[in-house]
Amino acid sequence: MNLTLLGATGRTGVPLVPDALARGHRLTCLVRDEGKAARLLPSDDRLRLVVGDATDASAVDAAIAGADAVLDASGPVRGGPKRLRAEVVSHVLPAMHRHGVRRLVFLTGAGVRLDGDVPGVADRAIRGLMSLVQRDILDDGQAAVAAITASDLDWTVVRVPRLVDAGGRGRVRTGGRVGDGSGTTLGRRDLARFLLDELEQGTWIRQAPVVSW
Ligand SMILES: NC(=O)c1ccc[n+]([C@@H]2O[C@H](COP(=O)([O-])OP(=O)(O)OC[C@H]3O[C@@H](n4cnc5c(N)ncnc54)[C@H](OP(=O)(O)O)[C@@H]3O)[C@@H](O)[C@H]2O)c1
């Protein structure tokens with residue numbers, strides 16, 4: 001498929017890109033820094049860079065034109081806008097509608113809550129701590145997810161705990177809601193595999209699974 005990726009130069013994006021190419025997909029990556037992308041991403045005819053900022057509606061539009069699906073694995077960086085994810089989503093959704101793209105996979109933290117969640121003691125404690133030290137990130141993720149879930153697109157919101165760069169275990173735990181017994185960490189290799197499987201298979205369309213080790 002033709003996949004548009006936001007966050008390709010991030011810690012989740014970098015290991016995902018070669019995996020996506022190995023599965024035969026074509027990638028359009030919206031990147032802010034062409035030199036960084038050249039250093040971190042493979043050189044491949046099937047990988048196209050659109051250089052621009054995801055808070056710029058026209059850059060997002062150019063990256064989404066011609067896509068079959070969009071994966072937003074971007075994330076807040078030091079010095080960036082407080083409400084990055086919500087702002088990016090406010091450009092992604094209209095661009096997808098304009099270009100007739102229906103499939104969106106959006107990566108966010110397990111602290112983002114949806115109706116139907118049944119958080120346990122540990123879930124509530126972790127979220128309580130996050131709301132003390134990462135309130136803006138939590139509110140931003142929540143706002144972005146509210147906009148996505150209100151859309152008529154074929155979205156999947158993938159919620160994850162703390163991400164680690166350790167080698168893959170080859171399997172993950174997946175629950176439909178917070179409180180279904182998720183773990184507290186997830187390796188990025190296994191996350192990449194889950195995200196690509198989900199893009200290909202659409203197992204969790206219009207749902208927000210919690211994925212962990
Ligand atoms: N890290 C964790 O433990 C954890 C846990 C739960 C959820 N998450 C969520 O998972 C997602 C990915 O996390 P990560 O750790 O892989 O993120 P990361 O390493 O911080 O990467 C963030 C990516 O977003 C890009 N980005 C930031 N602002 C941008 C902008 N204005 N325009 C275009 N691109 C922009 C960055 O580009 P540059 O390379 O140009 O900076 C980078 O590629 C994030 O949304 C994060 O909140 C992470």
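**A first walk through the chain**

Okay, let's start with contacts, meaning heavy atoms within 4.5 Å: of those in the chain between residues at least 6 apart in sequence, 70% join residues at least 24 apart. Before I go on, this is a predicted model, where local features need pLDDT of at least 70, side-chain atom pairs count only at pLDDT 80 or more, and totals for chains, interfaces and linings use all residues. Residues are numbered from 1 along each chain as its sequence is written, and side-chain values use heavy atoms, with hydrogens and water left out.

So, the overall picture. The chain has seven helices and ten strands; these are DSSP runs, H or I of at least four residues for helices and E of at least two for strands, numbered from the N terminus. Along the principal axes, the C-alpha atoms fill a box of roughly 50 × 35 × 35 Å.

Now look at helix 4, residues 84–99. From first C-alpha to last, its 16 residues reach 23 Å, close to the 22 Å expected at 1.5 Å a residue; that expected span is 1.5 Å times one less than the number of residues. Its buried residues include Leu84, Arg85, Val88 and Val89. What do the buried residues of helix 4 pack against? Strand 1 (2–6), helix 3 (57–64), strand 4 (69–72), strand 5 (103–109) and helix 6 (135–149). Just after helix 4 comes Gly100, with a positive phi of about 65°.

Strand 4 brings us to Asp72. Buried or exposed, what is Asp72? Buried, because its relative accessible area is 1%. Leaving aside residues up to four places away in sequence, Asp72 touches Leu6, Arg85, Val88, Val89, Val105, Phe106 and Leu107. Of these, Arg85, Val88 and Val89 are among the buried residues of helix 4.

Last stop, helix 1, residues 13–22. Its buried residues are Gly13, Pro15, Leu16, Val17, Ala20 and Leu21. Their cover includes strand 1, strand 2 (26–31), strand 3 (47–51), strand 4 and helix 7 (188–201). After helix 1 there's Gly24, again a glycine with a positive phi, near 95°.

How values were computed:
Buried < 20%, exposed > 50% of the residue type's maximum accessible area, 1.4 Å probe, protein only.
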